[in-house]
Amino acid sequence: MIISSANHDVDNIGSEMYRLVVELYPICRSITGDGIRASLRMLQQVVPLETHEVPTGTHVFDWIVPPEWNIRDAYVKDRRGERVIDFRRHNLHVVNYSVPFHGHLTLDELRPHLHTLPEQPDRIPYRTSYYRETWGFCISHNQFLSLEKGEYEVCVDTSLEPGALTYGELYLAGQSSAEVLISCHCCHPSLANDNLSGMVVSTFLAKELQTQTRRYSYRFLFIPGTIGSITWLALNEQRTNNIKHGLVVACVGDAGCMHYKRSRLGDAEIDKAAIHVLQHSGHEFEVLDFSPYGYDERQYCSPGFNLPVGSLTRTPHGRYPEYHTSADNLDFVRPEYLADSFDKYLAVIDVLENNRKYRNTNPKCEPQLGKRGLYGTFGGRKDADQYELAMLWVLNLSDGNNTLLEIADRSNLSFGLIGKVAETLLTHGLLEEAQ
Amino acid sequence: MIISSANHDVDNIGSEMYRLVVELYPICRSITGDGIRASLRMLQQVVPLETHEVPTGTHVFDWIVPPEWNIRDAYVKDRRGERVIDFRRHNLHVVNYSVPFHGHLTLDELRPHLHTLPEQPDRIPYRTSYYRETWGFCISHNQFLSLEKGEYEVCVDTSLEPGALTYGELYLAGQSSAEVLISCHCCHPSLANDNLSGMVVSTFLAKELQTQTRRYSYRFLFIPGTIGSITWLALNEQRTNNIKHGLVVACVGDAGCMHYKRSRLGDAEIDKAAIHVLQHSGHEFEVLDFSPYGYDERQYCSPGFNLPVGSLTRTPHGRYPEYHTSADNLDFVRPEYLADSFDKYLAVIDVLENNRKYRNTNPKCEPQLGKRGLYGTFGGRKDADQYELAMLWVLNLSDGNNTLLEIADRSNLSFGLIGKVAETLLTHGLLEEAQ
Amino acid sequence: MIISSANHDVDNIGSEMYRLVVELYPICRSITGDGIRASLRMLQQVVPLETHEVPTGTHVFDWIVPPEWNIRDAYVKDRRGERVIDFRRHNLHVVNYSVPFHGHLTLDELRPHLHTLPEQPDRIPYRTSYYRETWGFCISHNQFLSLEKGEYEVCVDTSLEPGALTYGELYLAGQSSAEVLISCHCCHPSLANDNLSGMVVSTFLAKELQTQTRRYSYRFLFIPGTIGSITWLALNEQRTNNIKHGLVVACVGDAGCMHYKRSRLGDAEIDKAAIHVLQHSGHEFEVLDFSPYGYDERQYCSPGFNLPVGSLTRTPHGRYPEYHTSADNLDFVRPEYLADSFDKYLAVIDVLENNRKYRNTNPKCEPQLGKRGLYGTFGGRKDADQYELAMLWVLNLSDGNNTLLEIADRSNLSFGLIGKVAETLLTHGLLEEAQ
């Protein structure tokens, strides 16, 4: 499989992905409940992912699948009966996983239940309380300051009941049972970059890979953050041996440059592949060392699994001021950035699919490339061109120890060129695959 | 044992150490003789160190313990009978280990016996002649220029006779027989930074450690430079196997920033510990590679021993103009710098004492910290705080391969925080000690 | 053997080498034929190299020794019968290995056979066509633009017939059968830096080494590029095991600074030796990583041989605008640069010859250098001088694992000093040779 971005109508894919972000945006997702179910159904319009329901109370390593949370309505009404805080206006207004509540409170009693961002006074923060039973509202700091004294009616019309944790999974079998894991979280309410961008890019990657001959098998996971990956790992422990490479997809729709966060292993093939792609992208980028904070790589890279899973993002979580606020909205994510991220992911997958190890069949001195029509006619020119140079590098380093990616890195040539040249040399019998 | 500088009255310790420097300063020490004996007696007022006497003529590897040197008086008198050079005014005036001499010399005959520093014309140099039988005087270059022609009476009232080499030793047994070696030289006459600062900081470290529960055993050596460490190593060869970490203490009282000189091994635990402490000190510092020149690390790090012994100093020997001159005096060393050095040494010892290797008891995925009260209540905040981050790092890297110090270095968090967090996790059964 | 440039009359050697360049310059060399034979005969005036003739058609790995090429004359005449392009004026005018041709062509028919350098319009390019049967002429672009329309008489009076490939070889046996390979190419026509400079420096190195006691054996190869090294390697495959170090000599007569291109191994002893010499030369220099493009190191470093062969040049091939043009002439190469290159090569050979591994016979603590007269008399000085420091380094690191070159690199002292000190210590029984 040679995947090249030239095969894709990039503008079109960017628009399609963005349209899906727009559709998903209003849904109030959480780590369980109907929000994530509705979201997965939308993705199923694009790819045939399966959904799994794991019952409340299931033990997953050190954790227990929590009660299912659903919300119908939530508000704070002032004395005049007006909804001064209204879940229907923005689903970030309610602390995610708030327990049901109805009552009348003075402003002083209400205040401890209100969350704001004093440094970003116009934005609503995103807050959750999955494992401690409480309720709360999130509002802009300016609104908070304008609240009048007096009594308010508070209604949190939610339910926390035995149910299930829902996640989506799509497995695309390849020539090998070795797997590439693509994982994204789907548990945030109206946050566009942090969660929706990852969901749609993963979905369209799956759609694209469906149509290709695949060396590797691909497993796409659409899961609630933390508890979702813990649940999947607990229920699929024996399958993790197949995972040879993995990427956690998140924050891939903003204007920032690409960031690659290394796996815990630090120099796994996925690390080299992603960094190679970024180095040859012609765009600015940043490489981050592994840290045990972030998204679900925290679980995949826990010491008991230590999987070769990195994370490829644009601006990483927590590094942009819109992060976990109402400003992570449909203006913050743009079709062209979604498309660019999609392309980078495909390029990384292209490297994984084509990265093999060869052995030069004429290891003693160079083979005569000219007699095979592989070399320029006239000698004496100042430099070999890139193509000829790439052939010499592949022949010189193909001693059975170096992968094409390692050859590309050592020669500072693109994997695309090195791969193309290797194919030509293979055709001419100058290389054979090494084990 | 958690040692923290907060336990100490730093100002007070600085003053106490400085007072001891003041008392030791006038004594004319050498590599043998009554000067070093008197000095060790002063240290015995603070800690119960033992003294050892190794007889002249004892073979110690390639060396022989030299005759014992003592001095009563020395001077050069002019025609008028005035002492123009007088040992009683400054003990640096006599070349250390000068043989006895009495006679009358012209200035021309005297000159080859006079040592000066032309580039620092006001200072008296420090010179020794341990292994070549000669005598000499050291004076300021300005005085040298002002000497009038004519005859001088020269008296060097010294003795070089069979006796002993004296050194001090203090052994503090710990839970383990593995030792930390703290070594300082005590053989210089009135030089405050080069020798006295190391002697007093070592003494007060011993005093402090006496009062603590110790994981390691500690061996303090108060020895003449070179011949002292060679003698100790020759007589205690079999004990060197116990030495797991070591530091040579010297030049710890001046205003310069801390310098750590690596052991010959280059990346021993003592090297990592000392560098970690300096990196997190908030002060400027410099790390120097090992070189076979310096103080007694030269012997500890000789290829036949190759012990993990580094050297933690302020401005290293030879790098300050006052070095080995009369300007290395009581003004050059200050209480606050002695106290700061003392603190840095304690911090390094703190790392050694608490640096262990653990194994995460829930290695598959993160344990649920929230249910144990170890995690912030509300999710969604921009960053975990340092404490939570430290917990995640310790859990993630505690796979039985990484020490806490290695975790602190990889996470760029302080050993203090990492150690505190590890203790908490241990209490909650989330870690177990690894072998 | 201690070789030092001080032994040589550098000015004189530069002039001698330059005179040989001047004599070799007019000859029309190629990869086979009388040009290379005549050139080797000139070198035989200086050193007794043997010549070998390998018949056309001999199979050498993936290649076949080509027909022998010789040229008597070649020209393009205009309508007036004037030679507008004339081989007798410059042998670069003919594409090297042009097949015989005689005929009348219009300018339009002639043009595809003309090679120029539009960006360097006054210079004649150097072009070859060894393995594709064609003919051509090389001219300045300005001349090309001035050619008038009309018919031209073209004569290429060459022969391509069964014959031989000729190369020169000089083997100087040393105490050991382990070899140092010195290889240069001899196949370019009138190009002074690219080929002649390497030939004369190699020749004078051989002349110099002839007079010396040699630890290593030395093999000098004077060969046509690519096909020559392939031929030698194919016919001497079993001998390559003896090659412990090697250098490809080329482009050593221009004003540029020295460049060392690493062997494929990257950190072989030859790599360390050459880089050490350049680092301590006091001159600017550059170190280049291995690449599979360049001169005959391409063959020596092919994966089936992977010999420790680097290349020491001044400005590398292709990096100077005169490269492979008529401007690489007798003005471009100067005696002083040839002499400087010669000196650098000798210095590298000096390192190889004297680089040994020793074991300190008193590994426990320092030996007492003073009693052997190896140490300054008076202690207390600010710094040991370089010589004493070098002794301490050699004693400290001579544990049987480090070569003198590694000690020189770690101590940042010159190999010359380290080697001299090691000899002294050996004399005093303080070192013994390690295996």
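Predicted model: local features only at pLDDT ≥ 70, side-chain atom pairs only at ≥ 80, totals over all residues.
**Stop 1: chains A and B**

Colour the model by chain and select chains A and B.

**Stop 2: chains A and C**

Chain A can be laid on chain C by a turn of 120° and a shift of 0.0 Å along the axis, with an RMSD of 0.1 Å. Which residue of chain A comes closest to the rotation axis? D267(A) does, at 13 Å for the C-alpha.

**Stop 3: the interface of chain A and chain C**

Keep chains A and C on screen and show the residues in contact. Chain A puts 27 residues into this contact and chain C puts in 32 residues. About 2700 Å² is buried between the two chains, and carbon and sulfur atoms give 52% of that area.

Next, show the side chains. How many salt bridges are found across the interface of chain A and chain C? There are 5 salt bridges. One of the salt bridges is formed by K364(A) with E237(C), so select this pair; the cut-off for such a pair is 4 Å, and the closest N and O atoms here are 2.2 Å apart. The interface of chain A and chain C also has 15 residue pairs in polar contact, both residues being at pLDDT 80 or more.

Then select residues 386–397 of chain A, which form helix α10. On the side of chain A that touches chain C, this helix gives the most, with 6 residues.

**Stop 4: the interface of chain B and chain A**

Chain B and chain A bury about 2700 Å² between them, with 52% of it on carbon and sulfur atoms.

Across this interface there are 5 salt bridges. To see a salt bridge between these chains, select R264(A) and D399(B), whose closest N and O atoms are 3.1 Å apart. Polar contacts link 15 residue pairs across the interface of chain B and chain A, both residues being at pLDDT 80 or more.

**Stop 5: a four-stranded sheet in chain C**

Show chain C alone, as a cartoon. An open sheet of 4 strands runs in the order β5-β4-β9-β6, and its pairing is antiparallel. Strands β5 and β6 (101–106) of chain C are at the edges with a single partner strand each, so one side of each has no neighbour in the sheet. From one strand to the next the twist averages 15°.

Select residues 68–77 of chain C, strand β4, together with residues 83–86, strand β5; 3 bridges join these antiparallel strands. β4(C) and β5(C) form a hairpin with 5 residues between them. In the turn, look at G81(C), which has a positive phi of about 80°.

**Stop 6: a three-stranded sheet in chain C**

Stay on chain C and move to the open sheet of 3 strands, ordered β18-β17-β19 with antiparallel pairing. Which strands stand at the edges? They are β18 (399–403) and β19 (431–433) of chain C; each has a single partner strand, so one side of each is left without a neighbour in the sheet. The twist in this sheet averages 40° from one strand to the next.

Select residues 357–360 of chain C, strand β17, which 3 bridges join to the antiparallel β19(C). Within that pairing, Y358(C) has E433(C) as its bridge partner in β19(C).

Last, select residues 415–427 of chain C, helix α12, which packs on the sheet and touches β17 and β19 of chain C. The direction of helix α12 makes about 100° with that of β19(C).

Conventions:
Residues numbered from 1 in each chain as written. Chains lettered and ligands numbered in written order. Heavy atoms only, no water. Pairing = 2+ DSSP bridges. Helix = DSSP H or I, 4+ residues; strand = E, 2+ residues; numbered from the N terminus. Axes fitted to C-alpha atoms, helices over the stretch in contact; angles between N-to-C directions. Contact = heavy atoms within 4.5 Å. Buried area = accessible area lost by both parts, 1.4 Å probe. Salt bridge = Lys/Arg side-chain N within 4 Å of Asp/Glu carboxyl O. Polar contact = N/O pair within 3.5 Å; in protein donor to acceptor, adjacent residues only side chain to side chain. Least-squares fit on C-alpha atoms with pLDDT ≥ 70 in both.
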